[in-house]
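Please look over the sequence and the model shown here before reading on. The report that follows goes through them topic by topic.

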Protein chains: 4
Amino acid sequence: VSREWKAESTRVRLPGGLTIGGEEVIVMAGPCSVESERQILAAARTVRESGATVLRAGAFKPRSSPYSFQGLGRAGLELLARAREETGLLIVTEAMDAEGMAAVVELADIVQIGARNMQNYSLLKLAGRIQKPVLLKRGLSATIQELLLSAEYILAEGNPNVVLCERGVRGFDPATRNLLDLSAIPVVHGLSHLPIIADPSHGTGHRDMVMPMAKAAVAAGADGLLVEVHPTPDRALSDGAQSLYPEQFDRLMKEVRLIAEAIGRRVAEPAEIRA
Amino acid sequence: VSREWKAESTRVRLPGGLTIGGEEVIVMAGPCSVESERQILAAARTVRESGATVLRAGAFKPRSSPYSFQGLGRAGLELLARAREETGLLIVTEAMDAEGMAAVVELADIVQIGARNMQNYSLLKLAGRIQKPVLLKRGLSATIQELLLSAEYILAEGNPNVVLCERGVRGFDPATRNLLDLSAIPVVHGLSHLPIIADPSHGTGHRDMVMPMAKAAVAAGADGLLVEVHPTPDRALSDGAQSLYPEQFDRLMKEVRLIAEAIGRRVAEPAEIRA
Amino acid sequence: VSREWKAESTRVRLPGGLTIGGEEVIVMAGPCSVESERQILAAARTVRESGATVLRAGAFKPRSSPYSFQGLGRAGLELLARAREETGLLIVTEAMDAEGMAAVVELADIVQIGARNMQNYSLLKLAGRIQKPVLLKRGLSATIQELLLSAEYILAEGNPNVVLCERGVRGFDPATRNLLDLSAIPVVHGLSHLPIIADPSHGTGHRDMVMPMAKAAVAAGADGLLVEVHPTPDRALSDGAQSLYPEQFDRLMKEVRLIAEAIGRRVAEPAEIRA
Amino acid sequence: VSREWKAESTRVRLPGGLTIGGEEVIVMAGPCSVESERQILAAARTVRESGATVLRAGAFKPRSSPYSFQGLGRAGLELLARAREETGLLIVTEAMDAEGMAAVVELADIVQIGARNMQNYSLLKLAGRIQKPVLLKRGLSATIQELLLSAEYILAEGNPNVVLCERGVRGFDPATRNLLDLSAIPVVHGLSHLPIIADPSHGTGHRDMVMPMAKAAVAAGADGLLVEVHPTPDRALSDGAQSLYPEQFDRLMKEVRLIAEAIGRRVAEPAEIRA
């Protein structure tokens, strides 16, 4: 994954002509979890309307407690397929193990490996053998070097299409859920040819901080954003406090477009997927 | 796993009559990895002679880089079986995925889940369905609460025999590899009925600090120790710098016995396994 | 310092009509230390030319080792006065103790209290009794709550003109010197009426990361920047590796202006000081 | 402070024949703050009876909030003098600035520099010019290297009698107030000839963890302990939750004596002060 081996930046191609790692900034948005048909379709429509190009939502959810909502599983994947059909959005969703990987890879346009599994090497090797792009999230206390070595596990198995994601590291200040380390963006861009996006929702844990940190991430050079948006955050089954209201997300998109332009980039628009 | 549900401390019973979580302190020792028949037998003999009751060594090794030595796999397990046969030591070794779990559970007396997999919930659930005790290591930036919730995944599936292990959290001081958080011992003993042991080898990363920190762990109330010992640390394929020389381990055992006595406990001796 | 006591944001007025905490973004730039007349005048001219409005440079330097360069002391303050005379730039420089405070307050337009002294309460109380604005840097492992309580020490003594500064907290990744916590900006803006600026030079420790992180800070809503610029970084007596070359700073100013505009603010220009 | 300059361990001599850094383990105990004559005399008597040789208590208190109890100041010092007169205990108390240093140095047997002031270089230099031993506490996010460099400021000014103190670093787990880094003990003993003691009260923040961590510190080789004990912790003006009840401290002393013996040391006893 080092720039010493490949100086040119990797552009990860997505279905419909989008690329991550080029000029455009890709916005992936949606709820933490798929909760119901009604919820996911509402979420998909609203984020598409505001300009997102990828729908994010979990069917298999890694939760700290075994007694928390664990996601709808395969049924959730089917609902995501329906949302794609209806909106044309691409789908990114997480796989947590071999069985989940087999299911997710069939459906998703991008397969996510979560922060807790960043050093689950068996899963990384599986991800290296699929034909879909992989979104690899940084572990809660992983150095950039360790993140890149984990990506190396995927590339070493034959899959060059890896997108990294900064989502906050473990910090000491209870004012935020995690500590979003935006310096990871220039560090990764300096050391590696892989693209990197930022997740300001998990990175901060509070709705009010998502907007400034999303703009900051784009200004720092992030190749995309992963943002939690829920049609009714107050009733979300998980991560409600960090999910944007639809109107907040709409405003965010407008502001992010201005920031992207200020640094000579542009936000990819849904129309392009259809192209 | 909470003391509110079960006030009495859990005693995890091992083959041969040993228990973890009672009066005795269990010392598990051996090399980082199984490297060869000669190495593992030499290691087993030396740690048994000094008084260890469990042999530790990895056959499946989780390594940050895909290009590092990854362990001998199933062949390593067979060598561990031979070492047990010859020395009578019990075996603790790590499983990293479903396939590895199936292999390890057949052989090992205690199945280890490593720090990187502490929140690999699929693996935790598998561990909850086996009939062997599980050694669950604390993740690099996991709170005690998160460690206990991960243990809960195992108990919720039906396996009550979980031993926790403090092995150092991510710190900021390059003087040590990790920051061994010995306060985890009284915190766990206060909140949970599960036993907890300490790994001063990964916890410090330097041979010279293993001895004082091992004694400190026992003084703090640890129910056991997990210590890296190698017949020839300078030629170790992994973790050489933190592996004790056999004569250091011998001295450590003597000192640890004195500390255990000072707090009214005693170190379990190999003779008991045969009993 | 809480918004509950004073809902309206504090605007700290500087000589020459500038304010921190209003629409404009204030850029403070210059070398880590005053080293010589030639160096500081060259630095002042170059940062002014590129558009900075405040000159930063230390005369009294807090250094981890007693054997490192400790600054020119009072002689450094005189050189700063000369630089102000020649360029019209305002001056921000650090005071480390009662004696230094007496000297600095006579000369500087803004008195800096460094990260190491954020909880030096005697110094904070002194700063509360001066008539100049105070730039209070966040301690290396201070929570935002603790930063605000330290500011409270200054306000409680009668000085309402406090500007906070995020300059990176202690992180675990050696890829950066510190971990610049840009979420501090929205957190402070949410909890307090005080303005906050960012120091991407100490925040990252590497010249190449200063530019993206400076832009990110402005996008996140920072009320100003504190940037290290040296006429010849390779010969700097301190912090050379994180000091920008003059041409880099010039480019940074251009890019920061675009980011400021994108969020509806503007960078204060030197002309305003003369007004 | 490096062992390369002076291989032999420094023994800091205290009045009455005690030394820190030799065979004996010195226990310093007492309340967080001097609150009243009655309180400090009761505390002094009880800790002496249980076997402490040094009374700890603050007259000048560094508090995060300007609205918290700030200590009795000079009146507190006088009460400490009275406690010494009555019990024969030595006194350790903190100085926060030049003025406080002048007052404390007259009275105290050991002058403490607190964690918040570990990099207050002006104060360190003052401490280097006094004739009393200095207890230098590790800053909340200071590396051992930085702690040693701060000690170097004191030695460089001519005072060789410095005792270091590990009191917990900033951690991420809310289960403890700080993260007591006991590995600092062997690290310091390896790099430096200076003695080091541990403060398990600030290091954990919870009374119930003080006892196991105090024993662990001694087992790890600490040259002494600094423990908060209050005659009536529930009515303490500061740090009540981490202060031991007198009967707990009495038990602690008994257990610490056994640990010290197990590693070939012994706890210094009050009788020796009179000698």
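## Salt bridges

In chain B, the side chains of B:Arg82 and B:Glu37 form a salt bridge, with 2.9 Å between the closest N and O atoms; the term salt bridge is used for a side-chain nitrogen of Lys or Arg within 4 Å of a carboxyl oxygen of Asp or Glu. B:Arg82 lies in helix 2 (residues 74–87) of chain B and B:Glu37 in helix 1 (residues 37–50) of chain B, so the pair ties together parts that are 45 residues apart in sequence; helices here are DSSP runs of H or I with at least four residues, strands are runs of E with at least two, and both are numbered from the N terminus. B:Arg82 is partly exposed at 39% relative accessibility, and B:Glu37 is partly exposed at 34%, where buried means under 20% relative accessible area, exposed means over 50%, and partly exposed lies in between (1.4 Å probe, protein chains only). This is a predicted model, in which local features need pLDDT of at least 70 and side-chain atom pairs count only at pLDDT 80 or more, while totals for chains, interfaces and linings use all residues. Residues are numbered from 1 along each chain as its sequence is written, chains are lettered from A and ligands numbered from 1 in the order in which they are written, and side-chain values use heavy atoms, with hydrogens and water left out.

Over all chains the count comes to 64 salt bridges. Side chains of opposite charge can pair when their charged atoms come close. B:Arg177 and B:Asp239 meet in a salt bridge at 3.1 Å, N to O, and this pair links distant parts of the chain, 62 residues apart, with B:Arg177 in the loop between strand 8 (162–166) and helix 6 (184–191) of chain B and B:Asp239 in the loop between strand 10 (224–228) and helix 9 (246–262) of chain B. B:Arg177 is partly exposed, with a relative accessible area of 41%, whereas B:Asp239 is buried at 18%. In chain D, the side chains of D:Glu24 and D:Arg266 also meet in a salt bridge at 3.1 Å, N to O. D:Glu24 belongs to strand 3 (residues 24–30) of chain D and D:Arg266 to strand 11 (residues 266–267) of chain D, and the two are 242 residues apart. D:Glu24 is buried at 8% relative accessibility, while D:Arg266 is partly exposed at 37%. Elsewhere, A:Arg138, A:Glu166, A:Asp181 and C:Asp173 are joined into one network by salt bridges that share partners.

## The nonpolar core

The largest nonpolar core has 312 residues, and those with the most contacts inside it are A:Phe249, B:Phe249, C:Phe249 and D:Phe249; such a core is a set of buried Ala, Val, Leu, Ile, Met, Phe, Trp, Tyr and Cys residues joined through side-chain atoms within 4.5 Å. When residues up to four places away in sequence are not counted, B:Phe249 touches residues including B:Val27, B:Val47, B:Val227 and B:Leu244, contact being taken as heavy atoms within 4.5 Å.

## Cavities and a pocket

There are four cavities of 30 Å³ or more, and the largest cavity has a volume of about 290 Å³. On a 1 Å grid over the protein atoms alone, a cavity is a set of points where a 1.4 Å probe fits but cannot get out, a pocket is an open set with protein on both sides within 12 Å along at least five of seven lines, and lining residues have an atom within 4 Å of a point; grid points are joined across faces, edges and corners, and a volume is the space filled by probe spheres set on the points. The largest cavity is lined by 21 residues, of which A:Arg170, B:Arg170, B:Phe172, C:Arg170 and D:Arg170 are the closest to its centre.

The second largest pocket holds about 920 Å³ of space. Its lining has 39 residues, with A:Ala98, A:Ser122, B:Met96, B:Asp97 and B:Ala98 nearest the centre.

## Two residues in loops

D:Phe172 lies in the loop between strand 8 (162–166) and helix 6 (184–191) of chain D and is buried, with a relative accessible area of 16%. Its contacts, leaving aside neighbours within four places in sequence, include A:Arg170, A:Gly171, B:Arg138 and B:Leu140.

A:Asp239 has a phi near 60 degrees, a positive value in a residue other than glycine, and is found in the loop between strand 10 (224–228) and helix 9 (246–262) of chain A.
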